[in-house]
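This report is written for a reader who has the sequence and the model at hand. Please keep both in view while reading.

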Amino acid sequence: MTINTVSSKTLKAILKCLATTPEKLTPEDAATGLRAIINGEANDAQLAGFITALQLRGMGMRPDMLAALAAETQRHALVPKLEPSQTEMVVDIVGTGGDGWNTFNISTTSSLVAAAAGLQVAKHGSRSSSSNCGSADLLESLGCDLNAIGPDNVAELLRRHRFCFLFSSTFHPSMRYLAHTRRELGFPTPFNVLGPLINPVQPDRAVVGVHSQPLGPVMAEALRSLGRRNYAVVCGDENLDEISIAGSTQVWHIDDSGHIDHYTIHPDNFGVPTHPLSAAAGSTLEENQATLQRLLNNTLEPSDVAVRDFVLVNTGFLLFVSGMARTMKQGAEIARLTLESGKVKDLFDSFARSTREFNTATG
């Protein structure tokens with residue numbers, strides 16, 4: 001999606017429109033307001049007012065507004081240049097966060113398993129904002145120097161490891177203008193759900209988790225308007241931003257033609273038993289770190305089985321959406337064999353080592 005027309009309104013006029021006649025606010029207005037903030041043209045009151053008004057006026061539930069904010073954010077992103085030979089599809093598995101379940105880092109682990117299985121994964125993520133342990137927190141705790149990865153390193157990491165992590169704060173430096181105010185406000189805003197829309201690589205296929213079912217069709221429509229195809233938006237029936245291991249999950253699947261197909265999936269589709277979400281709960285960074293290490297080392301404890309199956313279901317669906325698996329059940333089986341083979345540990349260790357080498361080279 002391209003915002004073709006820059007709004008002629010000033011930031012003050014946009015704020016007034018949000019406050020008094022929000023129904024007249026256009027996507028161009030929203031993009032122009034964000035652009036003014038990124039360009040340093042807003043004072044603290046205007047910045048807080050813009051973010052708050054977007055939330056109170058429900059703009060986070062309008063696909064056109066989310067797409068406009070995402071497109072404007074992408075205009076200011078640091079975009080990696082992939083090598084000409086890297087014509088193979090790039091994928092991602094990512095969630096909005098904010099579901100309140102504090103489960104183990106499923107999408108992070110699934111992205112590693114998918115890469116070890118043969119997909120090319122550009123994982124977009126950040127530190128925790130709503131859970132006990134974000135994707136970046138976990139990877140950094142296990143020896144990855146994520147701050148060392150810049151746009152010039154992405155192609156090399158994908159070539160070496162079929163996996164790269166794109167730290168949101170590095171690739172979206174413009175978001176620093178909003179970060180402090182968002183933390184000070186302390187409530188969710190439309191910017192909390194932009195992450196899956198603004199991966200700088202713009203993956204060819206992806207599984208995107210959302211924290212509530214009403215957001216599912218909104219996110220799917222925003223992705224479609226941004227030109228994304230073969231993306232699947234998912235939400236567990238517990239309002240979980242991943243495919244649930246406890247029961248059914250709603251899916252909004254954007255096909256090649258841009259049609260959005262809504263259907264329901266269940267662990268049964270993957271040949272995996274159900275488990276209560278409490279059995280896959282994350283906790284402290286240290287406990288999540290230990291769980292991931294047991295998964296990578298194939299030294300599972302009985303309490304890890306639910307987490308492993310959770311990973312198999314989510315990885316399996318990404319393999320299915322990406323076309324590597326013909327069925328969801330086959331996808332879960334490929335994920336299981338890959339995890340048990342030791343390939344995921346080898347990939348993770350070599351990726352972590354590469355990030356530390358980048359730091360040494362630039363330090």
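Predicted model: local features only at pLDDT ≥ 70, side-chain atom pairs only at ≥ 80, totals over all residues.

In general, strands of a sheet pair through backbone hydrogen bonds, and the pairing may be parallel or antiparallel.

The pairing of E3 can be followed residue by residue. Strand E2 (residues 120-125) pairs with E3 in the parallel sense, over 5 bridges. Opposite Phe163 in E3 stands Val121, while Phe165 in E3 is the bridge partner of Lys123.

Helix H7 (residues 154-161) has as its buried residues Val154, Ala155, Leu157, Leu158 and His161. Viewed down the axis of H7, these residues fall within an arc of 165 degrees, so they line one face of the helix. After H7 comes Arg162, which has a positive phi near 65 degrees.

In helix H10 (residues 215-225), the buried residues are Leu215, Gly216, Val218, Met219, Ala220, Ala222 and Leu223. Against which elements do the buried residues of H10 pack? Their partners are helix H4 (63-75), strand E4 (205-209), strand E5 (231-236), strand E6 (249-254) and E7. Just after H10, Gly227 adopts a positive phi of about 90 degrees.

## Aromatic pairs

A search of the whole structure finds 4 aromatic pairs. Two of them are set out in the table.

| Pair | Centre to centre | Angle between planes | Type |
|---|---|---|---|
| Phe163 and Phe351 | 4.9 Å | 85 degrees | edge-to-face |
| Phe317 and Phe320 | 6.0 Å | 35 degrees | tilted |

The pair of Phe163 and Phe351 links distant parts of the chain. Phe163 belongs to strand E3 (residues 163-167) and Phe351 to helix H14 (residues 343-362), and the two are 188 residues apart. Both Phe163 and Phe351 are buried.

Phe317 and Phe320 both lie in helix H12 (residues 305-321). Because they are 3 residues apart in this helix, about one helical turn separates them. Phe317 has a relative accessible area of 0% and is therefore buried. Phe320 has a relative accessible area of 24% and so is partly exposed. Ring pairs also link Phe317 and Phe320 with Phe270 into a cluster.

## Two single residues

Thr103 is placed in the loop between strand E1 (90-95) and helix H5 (106-117). What is the burial class of Thr103? Its relative accessibility is 13%, so Thr103 counts as buried, since buried means under 20%. The side chains of Thr103 and Glu242 are joined by a polar contact of 3.4 Å. Residues up to four places away in sequence aside, Thr103 touches Leu240, Glu242, Ala280, Ala281, Gly282 and Phe310.

Ile334 is located in helix H13 (residues 328-341). Its relative accessibility is 22%, so Ile334 counts as partly exposed. Apart from neighbours within four places in sequence, Ile334 is in contact with Ala117, Leu319, Met324 and Ala325. Ile334 and Ala30 are 304 residues apart in sequence, and their C-alpha atoms are 43 Å apart in space.

## Summary

Phe163 connects two of the topics treated above. In the sheet, Phe163 of E3 stands opposite Val121; through its ring, Phe163 forms an edge-to-face pair with Phe351.

Technical notes
Residues numbered from 1 in each chain as written. Heavy atoms only, no water. Buried < 20%, exposed > 50% of the residue type's maximum accessible area, 1.4 Å probe, protein only. Helix = DSSP H or I, 4+ residues; strand = E, 2+ residues; numbered from the N terminus. Arc of directions from axis to C-beta. Phe/Tyr/Trp six-rings, centres within 6.5 Å; stacked < 30°, edge-to-face > 60°. Contact = heavy atoms within 4.5 Å. Polar contact = N/O pair within 3.5 Å; in protein donor to acceptor, adjacent residues only side chain to side chain. Pairing = 2+ DSSP bridges.
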